[in-house]
Amino acid sequence: MSQRLSMQQDWRRRVGAAHILVVGDVMLDRYWFGAVERISPEAPVPVARVQREQDRLGGAANTALNVTSLGAQATLLSVVGSDEPGRRLQQLLAESPIRSALHEDVNLRTTLKLRVIARQQQLLRMDFETAPDHELLAVQGARYAAELPEHDAVLFSDYGKGGLAHVGEMVQAARASGRIVLVDPKGRDYSRYAGATLITPNRTEFTEVVGDWHGEAELGARAQRLREDLNLQAVLVTRAEEGMTLFSAAGRLHVATAAREVFDVSGAGDTVIATLAAMLGAGASLEDAVRAANRAAGIVVGKQGTASVSAAELWPEE
């Protein structure tokens, strides 16, 4: 057996024993696939004749699915409404390897993203959503405290839908218990993620927080300043076709993109942070985790829709 194959098998075994708690905004991704053959006589818009429907786990649920696709154990903590999208989400979770810790509330409308697709192009997206109230999030907090000791790492998947209003307290509780904390951030105020192990903004999100930069030196200075100000162990800036760059106390690590062909970038951020969580939860170094996440991103962007990467794809036995 070659050394490389032995290492691949070792990572699959170690990741399989990792337990990741995923907390955040869940949503149902609904797709209507059809054909466009004419323009509406009522308005200058195409008429899509729907031929097929598909529902997929979205938001934090897709992140949790990515964790399990790699072989790790995932528990999903979130809130959904007592409505058709919420019931469908719970059904999809029951059919997946994800351990569900969803709380259902009659006053909440489950986030639904409905996309109309024709000829492999998106014609329209409609979003349906409401933000959960603080009493509902307090219930979530109690479940979070109960789940925390059973997991190696906590992954916060923030989509700005209101489900992480108390994320600051959750981050502090996780760090106090010695857990690894990863955050896929949203918005311009990153202070609420203070104390996390790692945050993973993409290039656009990072620019909104620290402003434009000119050159790698300025990028590094701003990233390190943010890391120090928020007491983070590391900041990973994902940079699309430029790959990703890790900033930590050890300095800077840049990894060039592993993508050979980009078909769809939907959900790539979920794949990156899920891989990081699985690797770090399995005891990997930050460098090894980032390199694995970069390979995973290169695989997933070659797939259509909110896809995931399997352990066999990331650590092939050939």
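Guide: Let us begin with a term: two strands are said to pair if DSSP finds at least two bridges between them. Please keep in mind that this is a predicted model.

Visitor: With that in hand, in which sense do β4 and β5 pair, and over how many bridges?

Guide: Two strands count as paired when there are at least two bridges between them. In one of these bridges, leucine 76 has serine 100 in β5 as its partner. The two strands run in the parallel sense, and the number of bridges between β4 and β5 is seven.

Visitor: Which residue in β4 is the bridge partner of leucine 21?

Guide: Strand β1, residues 19-24, runs parallel to β4 and is joined to it by five bridges. Within β4, the residue that partners leucine 21 is threonine 75.

Visitor: How many of the nine residues of strand β4 are buried?

Guide: A residue is called buried when its relative accessible area is under 20%. Strand β4 covers residues 73-81 and is largely enclosed by the rest of the structure, because the buried ones among its nine residues number eight.

Visitor: Which are the edge strands of the open sheet?

Guide: Nine strands make up this open sheet, in which the pairing is mixed, and their order is β5-β4-β1-β8-β9-β10-β11-β12-β13. An edge strand here pairs on one side only, and the two that do so are β5 (99-105) and β13 (251-255).

Visitor: Which residue in β9 stands opposite phenylalanine 156?

Guide: Strand β8, residues 153-157, pairs with strand β9, residues 180-184, in the parallel sense over five bridges. Opposite phenylalanine 156, the residue in β9 is valine 183.

Visitor: How many residues lie between β2 and β3 in the hairpin they form?

Guide: Strand β2 (residues 26-39) and strand β3 (residues 46-59) pair in the antiparallel sense over 13 bridges. In the hairpin formed by β2 and β3, the number of residues between the strands is six.

Visitor: Is glutamine 140 buried or exposed?

Guide: Glutamine 140 has its place in helix α4, residues 134-147. Leaving aside residues up to four places away in sequence, glutamine 140 touches Val23, Leu77, Ser78, Gly163 and Met170. Its relative accessibility is 3%, and because buried means under 20%, glutamine 140 counts as buried.

Visitor: What distance separates the C-alpha atoms of aspartate 10 and tryptophan 315?

Guide: Aspartate 10 lies in helix α1, residues 3-16, and with a relative accessible area of 27% aspartate 10 is partly exposed. Although aspartate 10 and tryptophan 315 are 305 residues apart along the chain, their C-alpha atoms are separated by 9.6 Å.

Visitor: What radius of gyration does the protein have?

Guide: The protein has ten helices and 13 strands, and its C-alpha atoms fill a box of roughly 65 × 45 × 45 Å along the principal axes. Among contacts with a separation of 6 or more, 66% are between residues 24 or more positions apart. With 318 residues, a compact globule would have a radius of gyration near 20 Å, and the value for this protein agrees, being 20 Å.

Visitor: How far apart are the mean positions of the positive and negative charges?

Guide: The protein exposes about 14,600 Å², of which carbon and sulfur atoms supply 48%. It carries 34 positive and 40 negative charges, and the separation of their mean positions is 4 Å.

Definitions and conventions:
Residues are numbered from 1 along each chain as its sequence is written. This is a predicted model: local features need pLDDT of at least 70, side-chain atom pairs count only at pLDDT 80 or more; totals for chains, interfaces and linings use all residues. Side-chain values use heavy atoms; hydrogens and water are left out. Helices (H or I, at least four residues) and strands (E, at least two) are DSSP runs, numbered from the N terminus. The radius of gyration is taken over C-alpha atoms; the globule rule is 2.2 Å times the number of residues to the power 0.38. Contact means heavy atoms within 4.5 Å. Accessible areas come from the Shrake-Rupley method with a 1.4 Å probe; for residues, only the protein chains shown count as cover. Lys and Arg count as positive and Asp and Glu as negative; His and the chain ends are not counted. The place of a charge is taken as NZ of Lys, CZ of Arg, CG of Asp or CD of Glu. Buried means under 20% relative accessible area, exposed over 50%, partly exposed in between (1.4 Å probe, protein chains only).
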